[in-house]
Protein chains: 2
Amino acid sequence: MAKQKKAPRPKAQTPKGFRDYFGSEVTQRNDMLQKIAEVYHRYGFDALESAGVETVEALGKFLPDVDRPNEGVFAWQESDEDGAGDWLALRYDLTAPLARVYAQHRNDLPTPYRRYAMGPVWRNEKPGPGRYRQFYQCDADTVGAASVAADAEICALLADTLEQVGIPRGDYLIRVNNRKVLNGVLECMALDNVAQRDAVLRTIDKFDKVGEVGVRELLGKGRLDASGAYIDGVGLSQEQADPVVAFLTSGAGLLDATLTNLTSAVGGSVAGAEGVAELRQIAELLAAGGYGPDRIMIDPSVVRGLGYYTGPVYEAELTFEILDDKGRKRQFGSVAGGGRYDDLVKRFTGQAVPATGVSIGVDRLLAALREKGRADKAAQGPVVVTVMDRDRMADYQTMVTELRQAGIRAEVYLGNPKNFGNQLKYADKRAAPVAVIEGADEQAQGVVQIKDLILGSRLAADASLEEWKERPSQYTVPRTELVTRVKEILDLYK
Amino acid sequence: MAKQKKAPRPKAQTPKGFRDYFGSEVTQRNDMLQKIAEVYHRYGFDALESAGVETVEALGKFLPDVDRPNEGVFAWQESDEDGAGDWLALRYDLTAPLARVYAQHRNDLPTPYRRYAMGPVWRNEKPGPGRYRQFYQCDADTVGAASVAADAEICALLADTLEQVGIPRGDYLIRVNNRKVLNGVLECMALDNVAQRDAVLRTIDKFDKVGEVGVRELLGKGRLDASGAYIDGVGLSQEQADPVVAFLTSGAGLLDATLTNLTSAVGGSVAGAEGVAELRQIAELLAAGGYGPDRIMIDPSVVRGLGYYTGPVYEAELTFEILDDKGRKRQFGSVAGGGRYDDLVKRFTGQAVPATGVSIGVDRLLAALREKGRADKAAQGPVVVTVMDRDRMADYQTMVTELRQAGIRAEVYLGNPKNFGNQLKYADKRAAPVAVIEGADEQAQGVVQIKDLILGSRLAADASLEEWKERPSQYTVPRTELVTRVKEILDLYK
């Protein structure tokens, strides 16, 4: 008989751009999200959890003529009876599902509707270092409130949230700007066409990088970038560029001065004046709640998202310094941002519904907490009860049960117990703080040995062979005192 | 110019078989999962979170010749440079990803590896009432431990978990069986072929429904089912059927009697004897930890999953009674199950690795907790500060901030304040316990009105119009006492 060809073994790999999270990577994130949820809840926001899967139609991608509308999203077609079902896709953010949910359930939901959502989203993009195709988002939005009191509330919420998870006051700053002010500025500029307007918007987005002089050059004739390439300018006159520069640089530390600068930057524009008034109102509402400019400030240099949002925009930055790859100090930077977008459900219902909301960069914020030593400590490994005599597994199991019932994380060694060295290697890999050993001799004497593995490894690192051999980190205790004595050691390393 | 045809509005709907979860539906589940995670962690299990997306290859579906291998899973093909990338799919359970993770990271993971995982899984199946295409699973597995001590540990873990989330002792029972005992029984039966063996396995799976007499009929000539249809039997003789019936009915309440019955059911089979010895060992290990047969018992009538698993199987049932759709009493039933499956990573590495684990039916267990009134109460609505004068939003915002800083869930009304009735309707929809009102008069006098909405709605239900008009549920308090007096009301309804 011919030998059958074996199927090749499958590769044990995550798809490109996806990853696994282990142990404290999971629990630290969950702890942080739970603290955030507490603040959101206290502010009156309600939890919402929609499915990971939406129709492509609801997500707002256009069904193209080509086979798969999966540019940017992971999408597939349902097979129904006729072989041509709906196109479904994984959500790419939490805002598009909110729009669908609000349109679908608007008769049952309160108006305004404050909701928070946390969960994974998916992007069908080229992955890069630290850039994954599945990641967490954590959003709070208020739907159906036209008043900028809703925007001010989200800013206060963001400040309280950052403090709740462990970013101390002084280490963060929430900066607020307003798209309407920018609209006023654009009005003053007497631009020729939409293309020019878009070019101005793109230039404004570069302010963070190129500064005032760079923006002036880019709005005018152009500029040599760092790589030596020449970037064409928008071609505006110096006078046309003035309002943009005035807008971007109008931050003056003091609120009144900033607002005066802005008022002059928007000239006679009605929209612009409205935008300035909104910023004043936001600042007043926040001041009334005790949120001063040390925490939340009006700052026209916040440009991220100005093209996308329709009213106030806000961004939370962490101001403490970290070292970058090359050992240079830099500010940690942005961890959350958001703003007002006023056509959330119009696609579905034809009715414009105002909304404003914030999205926290979960991984960025978690990285910041780790940087500051504010993430809950990596979970301590379990106490490992070793197995000297495999026929007495029930005795070891009893020890473990006693420890667990005292609230101590503990486990019995469940591998092959033959090689005792392997058991200690296992305890090491588990970052076990304590190992418990009970052979026949110990059992006969009614004692157990407990081994302080943390002290042990310190001795191993620092002590001479002679000192090591004495192993003062291991000692004998009465079996009846097992739980108490283990607890003593754990308390030392809390 | 011709009028442009408008694109039709998208439907605001979840895809078929998916749903949204609101408010306490989300938070109650999260609270339950967190309590479960605490127990898992105390037992030494480490969190693992893999992505929702895996390669179809890793999930173990065969790539068919047809276009899409999405039978049972949601799958799609990656478009790479050549237009023919990997097939990806949403995970359909948490076990297949565990196999992939363990094979991929086995050099870095401890052996044995205890891990827990919680999260959504997706099934591309026809949805039905209460049956969704995305739902939560919550698993704990031990990989790399051949000893049945690992199975015993999972049973103890399951008992502790049920008690931790709020199922009292006496309201649950974990029943344990062993596939090896069944293998011994099958050995004794002198079956002709594999088809007959499979038919016997299928019959055993019906024992729960048809009982001893039914199983005898189905193993023999056949039987009339409830609908009057005749079901063909396996065609065994009475004598051949005896060991199966002996096996299924060998539970005797007392462990020793059960094991004696099982020993006789497996006759001279070596595998069968090994299976009985394992059950004895599990019972002894559990007894040593204080887990008696009132919580975990050996019970050969547990048949679910016997075909799939390779060793011990276990199932957790809730034994309290509920009323079914027709008002009849019945036991709540199964909320978790699992067992030993010994070829977890062999597909990937060629090496057999033993594993055992349990999966909790998250939605079933949550339903049970709600049934018993053990789920955390539906989150109370927020205190609503109404807006009598829209120019004084900052004052109302200040009240809300004071309330929140005292830990009270509170919000200011952010809708259009013109119609005060709408504000009270909103408070009602939010299930607000208290509304706060401060008009110009109140402000001048330094007071606010607080309205006990819970008392108010009770009065509205029971009181006459005259009593209602007096509105004793609404009263005036000094502005400085706002937080204290609101807290008094909230404490009444805790």
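## Close-up views of a predicted two-chain model

**View 1. A:Ala431 sits in the loop that links α14 (420–429) to β17 (434–437) of chain A.** Please keep in mind throughout that this is a predicted model. What is the phi of A:Ala431? The angle is near 55°, a positive value in a residue other than glycine. Most residues other than glycine have a negative phi. A:Ala431 is partly exposed, and 15 other C-beta atoms lie within 10 Å. A residue would need 20 or more such neighbours to count as buried, and 12 or fewer to count as exposed, so this one falls in between.

**View 2. B:Ala431 occupies the loop between α14 (420–429) and β17 (434–437) of chain B.** Although B:Ala431 is not a glycine, its phi is positive, at about 55°.

**View 3. A cis peptide bond leads from A:Thr111 to A:Pro112, and another from B:Thr111 to B:Pro112.** In chain A, omega for this bond is near -5°. A:Pro112 belongs to the loop between α3 (95–105) and β6 (113–122) of chain A. For the chain B bond, omega is likewise near -5°, and B:Pro112 is found in the loop between α3 (95–105) and β6 of chain B. Most peptide bonds are trans.

**View 4. An open sheet of nine strands takes its strands from chain A and chain B.** Which strands form the edges? They are β1 of chain A and β11 (296–298) of chain B, each of which pairs on one side only. Strands of a sheet pair through backbone hydrogen bonds, either parallel or antiparallel.

**View 5. The sheet crosses from chain A to chain B where β1(A) meets β2(B).** Strand β1 (residues 21–22) of chain A pairs with strand β2 (residues 46–49) of chain B in the antiparallel sense, over two bridges. Here A:Tyr21 stands opposite B:Glu49 in β2(B). Going on into chain B, two bridges join β2(B) to β6(B), and these strands run parallel. B:Ala47 stands opposite B:Tyr116 in β6(B).

**View 6. Strand β6 (residues 113–122) of chain B is largely enclosed by the rest of the structure, because 10 of its 10 residues are buried.** How many bridges join β6(B) to β7(B)? There are 10, and the two strands run antiparallel. One pair to look for is B:Trp122, whose bridge partner in β7(B) is B:Gln134. Further along the sheet, β8(B) and β12(B) run antiparallel and are joined by seven bridges. Between these strands, B:Asn178 has B:Pro312 in β12(B) as its bridge partner.

**View 7. Helix α4 (residues 149–165) of chain B lies across several strands of chain B.** The strands are β7 (134–143), β8, β11, β12, β13 (329–340) and β14 (355–361). Relative to β14(B), the helix runs at about 20°.

**View 8. Helix α5 (residues 179–188) of chain B is mostly covered, with seven of its 10 residues buried.** Which residues of α5(B) are buried? They are B:Arg179, B:Lys180, B:Val181, B:Leu182, B:Gly184, B:Val185 and B:Leu186. The cover over these residues includes β8 (172–178), α6 (194–204), α8 (238–248), α9 (255–265), α10 (270–288) and β12 (312–323) of chain B. After the helix comes B:Ala190, where phi is positive, near 50°.

**View 9. The contact between the chains takes 77 residues from chain A and 78 residues from chain B.** On the chain A side, helix α13 (residues 393–405) gives the largest share, six residues. By residue type, the chain A side divides into 36 nonpolar, 22 polar and 19 charged.

**View 10. Chain A is assigned two stretches of structure as domains: domain 1 (24–52 + 91–189 + 236–371) and domain 2 (383–492).** The C-alpha centres of these domains of chain A lie 51 Å apart. Chain A has a radius of gyration of 30 Å, whereas a compact globule of 494 residues would have one near 23 Å. Its C-alpha atoms fill a box of roughly 95 × 70 × 55 Å along the principal axes. The secondary structure of chain A comprises 18 helices and 19 strands, and 45% of its 494 residues are buried.

Definitions and conventions. Residues numbered from 1 in each chain as written. Chains lettered and ligands numbered in written order. Predicted model: local features only at pLDDT ≥ 70, side-chain atom pairs only at ≥ 80, totals over all residues. Helix = DSSP H or I, 4+ residues; strand = E, 2+ residues; numbered from the N terminus. Rg over C-alpha atoms; globule rule 2.2 N^0.38 Å. Contact = placed C-beta atoms within 7 Å. Nonpolar A, V, L, I, M, F, W, Y, C, P; charged D, E, K, R; others polar. Pairing = 2+ DSSP bridges. Domains from an automatic or database assignment. Axes fitted to C-alpha atoms, helices over the stretch in contact; angles between N-to-C directions.
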